[in-house]
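Please keep the sequence and the coordinates at hand while reading.

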Amino acid sequence: MIDFAAARTAMVNCQVRPSDVTRYPIIAALLEVPRERFVPQALASVAYTGDHIDVAPERVLLDPRTFSKMLDSLALTPSDLVLDIGAGYGYSTAVISRLAEAVVGVEEDEAMSKEAEVQLQALGADNAVITHAGLTVCDPSNGPYDAIVIQGGVEKIPSSVANQLKEGGRIAALFMQGAYGQARLGRKSGEKIVWRAEFDAAAPVLPGFRGKAEFQF
């Protein structure tokens with residue numbers, strides 16, 4: 001029998017804290033949310049490894065280091081409305097719900113979106129909703145958003161996504177060039193997003209996010 005509470009603590013102490021993620025709200029959220037409930041049941045035993053977990057073709061649950069550092073770069077506040085693109089089974093949305101005023105998780109896979117709703121309801125995350133929609137369509141009806149985080153690699157940020165970010169809002173994404181990737185934090189200024197490199201990381205490019213980048217440094 002796996003002691004998942006101990007595994008969560010080990011994840012934070014061995015993967016997150018050593019990566020210079022020290023904001024207390026992030027640490028607390030990662031210790032509270034049962035990651036093993038947000039992956040297929042057959043993969044629960046590897047939920048706390050330091051690697052991405054494959055959940056569907058070209059789709060992963062980001063490894064704890066990458067995900068936590070993206071959250072750290074966004075510096076979410078209790079007044080933020082957040083758009084979580086590629087929510088999968090809802091883990092990222094559940095964590096963000098503990099950091100922000102409200103979060104909208106977008107998932108295009110119907111089975112994953114339904115399971116995410118079940119798990120978020122079970123956790124009592126009443127400030128989180130899951131929208132079943134294309135990952136580049138998202139949920140403009142609930143926006144614009146103070147912050148956007150993309151749970152996978154990108155080669156471009158479609159205008160349909162950028163348009164849902166508030167003026168001055170922040171966006172975190174993993175930009176991929178072949179096998180090489182870099183996490184960047186963007187801030188919207190007028191019709192542009194100004195990007196800043198944060199750290200190296202890689203992930204499969206999400207459907208709809210391939211192609212020449214529309215927004216550059």
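A nonpolar core is a set of buried Ala, Val, Leu, Ile, Met, Phe, Trp, Tyr and Cys residues joined through side-chain atoms within 4.5 Å. Burial is judged by relative accessible area, with a 1.4 Å probe and protein chains only: buried means under 20%, exposed over 50%, and partly exposed in between. The model is a predicted one, in which local features need pLDDT of at least 70 and side-chain atom pairs count only at pLDDT 80 or more, whereas totals for chains, interfaces and linings use all residues. Residues are numbered from 1 along each chain as its sequence is written, and side-chain values use heavy atoms, with hydrogens and water left out.

In soluble globular proteins, nonpolar side chains tend to be buried together. Here the largest nonpolar core comprises 49 residues, and L30, L71, L76, Y91, V95 and I96 are those with the most contacts inside it. Contact means heavy atoms within 4.5 Å. Setting aside residues up to four places away in sequence, V95 touches A29, L30, V33, F67 and L71. A second, separate core holds 24 residues, including V106, V154, I157 and V205.

Helices and strands are DSSP runs numbered from the N terminus, helices being H or I with at least four residues and strands E with at least two. Helix α2, residues 24-32, has I26, I27, A28, A29 and L30 as its buried residues. Among the elements that cover them are α1 (4-16), α3 (64-74) and α4 (91-97).

Two packed helices are described by the angle between their axes and the distance between the axes. The axes are lines fitted to C-alpha atoms, for helices over the stretch in contact, and the angles run from 0 to 180 degrees between N-to-C directions. For α1 and α3, the packing angle is about 75° and the axes are 10 Å apart. The α1 helix is therefore roughly perpendicular to α3; angles of 65 to 115 degrees receive that description, those under 35 degrees count as roughly parallel, those over 145 as roughly antiparallel, and the rest as oblique. M11, Q15 and V16 of α1 make this contact with P64, R65 and S68 of α3.

The loop between α1 and α2 contains S19. This serine counts as buried because its relative accessibility is 11%. Apart from residues up to four places away in sequence, S19 touches R65 and K69. Its side chain also reaches the backbone oxygen of Q15 at 2.8 Å. Such a polar contact is a pair of N or O atoms within 3.5 Å; within protein, one must be able to donate a hydrogen and the other to accept it, and residues adjacent in sequence count only if both atoms are side-chain atoms.

The strand β4, residues 102-107, includes A102. With a relative accessible area of 23%, A102 is partly exposed. Leaving aside neighbours within four places in sequence, A102 is in contact with D80, L81, V82 and N127. A102 and R37, 65 residues apart in sequence, lie 21 Å apart from C-alpha to C-alpha.

The loop between β5 and β6 is also the place of D139, a residue that counts as buried because its relative accessibility is 8%. Beyond its neighbours within four places in sequence, D139 is in contact with V104, V106, T131, Y145 and Q164. The side chains of D139 and N142 are joined by a polar contact of 2.9 Å. P144 is likewise placed in the loop between β5 (128-132) and β6 (145-154), and a cis peptide bond with omega of about 5° joins G143 and P144.

Most residues other than glycine have a negative phi, and most peptide bonds are trans. Against that background, E58 has a positive phi near 65°. E58 is located in the loop between β1 (53-56) and β2 (59-61), and counts as partly exposed at 43% relative accessibility. A75 likewise has a positive phi, near 50°. This alanine lies in the loop between α3 and β3 (81-85), and is partly exposed at 27% relative accessibility.

How many disulfides does a search of the whole structure find? The search finds 0 disulfides, a disulfide being a pair of cysteine sulfur atoms within 2.5 Å. C14 is exposed, with a relative accessible area of 59%, whereas C138 counts as buried at 3% relative accessibility.
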